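Morning, everyone. Please bring the structure up on your screens, and we will walk through it together.

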Amino acid sequence: LLNYKDSEGNLQKGIAMAEWVKDHWSVPQPLSIRYFDNNSEYISGSISPDEKVMILSYKSYDTYGNEDLYVSFKESNGSWSQPENMGVDVNTMGEEWAPYLAPDLKTLYFSSNGFGGEGGRDIFVSQRKDDTWKDWTDPVNLGSEVNTAGVEQKKFFRRL
């Protein structure tokens, strides 16, 4: 959750997680992410199915362009490591948004307006080559069956 309400109903800035318990959502608990600092009004992200890897899209001090993709790892105490920029293979001078890491922890889907394509922001897929999280195959545009002249991240990621 982004900018969540605490147990007293006060709006809090940051990232939090809530769980579905029987028939309702639990009170959001803030995530502790070491040295996290978003310098954009935009942020998106996802947590891997095993809840050990978080991919975030935001702007920070080492961003190449606008919003870049970052990886953070869950530590043994439940906090998250300092997000690391995922490198120039998947990040451009444009905006990379709406990351989704597949259950194999190697296949990354994301939207971008920095690689060209069908429209304003297309969906791409890339494969992680090694354990550094900075070495990726060239992003492949998912083509006109998925991408249109519009902005695709909302439509596509609702289907996943």
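How many aromatic pairs does the structure hold? The answer is ten. Keep in mind that this is a predicted model.

Let's take one of those pairs. Find Phe 73 and Trp 133, which form an edge-to-face pair. Their ring centres are 5.6 Å apart, with 70° between the planes. That is how such pairs are described in general: by the distance of the centres and the angle of the planes.

Now, where do these two residues come from? Phe 73 lies in strand β7, residues 68-73, while Trp 133 lies in the loop between β11 and β12. The two parts are 60 residues apart in sequence, so the pair ties them together.

Is Trp 133 buried or exposed? Trp 133 counts as buried, because its relative accessibility is 8% and the cut-off for buried is under 20%. Phe 73 is at 25%, so it counts as partly exposed.

There are also rings in a group. Phe 36, Tyr 58 and Tyr 70 are linked into a cluster by ring pairs.

Stay with Trp 133 for a moment. Which residue lies over its face? That is Arg 128, at 3.9 Å from the ring centre. There is another arginine to look at, Arg 121. Its charged end sits over the ring of Trp 97, 3.8 Å from the centre.

Arg 128 has a further contact. Its side chain meets that of Asp 131 in a salt bridge, 3.5 Å from N to O. Look at the two ends. Arg 128 is buried, with a relative accessible area of 10%. Asp 131 is exposed, at 66%.

On to salt bridges as a group. The structure holds four. One of them joins the side chains of Arg 34 and Glu 75, at 2.7 Å from N to O. Why does this pair matter for the layout of the chain? Arg 34 lies in the loop between β4 (29-30) and β5 (44-47), and Glu 75 lies in the loop between β7 and β8, so the pair ties together parts that are 41 residues apart in sequence. Arg 34 is partly exposed, with a relative accessible area of 37%. Glu 75 is partly exposed too, at 25%.

Another salt bridge joins Asp 135 and Lys 129, with the closest N and O atoms 3.9 Å apart. Asp 135 is partly exposed, at 26% relative accessible area. Lys 129 counts as exposed, at 53%.

Next, the sheet. Which order do its four strands have? The order is β9-β10-β11-β12, in an open sheet with antiparallel pairing. Strands β9 (96-101) and β12 (140-141) stand at the edges with a single partner strand each, so one side of each has no neighbour in the sheet. In general, strands of a sheet pair through backbone hydrogen bonds.

Phe 124 stands opposite Asn 141 in β12.

Last stop, the surface. Tyr 64, Val 88 and Met 93 make a nonpolar patch of about 340 Å². Met 93 is found in the loop between β8 (84-85) and β9. Is Met 93 buried or exposed? Met 93 is exposed, because its relative accessible area is 64% and the cut-off for exposed is over 50%.

That's the tour. Thank you.

Note on methods. Residues are numbered from 1 along each chain as its sequence is written. This is a predicted model: local features need pLDDT of at least 70, side-chain atom pairs count only at pLDDT 80 or more; totals for chains, interfaces and linings use all residues. Side-chain values use heavy atoms; hydrogens and water are left out. Two strands pair if DSSP finds at least two bridges between them. Rings of Phe, Tyr and Trp (its six-membered ring) pair if their centres lie within 6.5 Å; planes under 30 degrees apart count as stacked, over 60 as edge-to-face and the rest as tilted. Buried means under 20% relative accessible area, exposed over 50%, partly exposed in between (1.4 Å probe, protein chains only). A charge sits over a ring if NZ of Lys or CZ of Arg is within 6 Å of the ring centre and within 35 degrees of the ring normal. Patches are made of residues with over 30% relative accessible area and no salt bridge: like charges are joined within 9 Å, nonpolar side chains (Val, Leu, Ile, Met, Phe, Trp, Tyr) within 5 Å. Accessible areas come from the Shrake-Rupley method with a 1.4 Å probe; for residues, only the protein chains shown count as cover.
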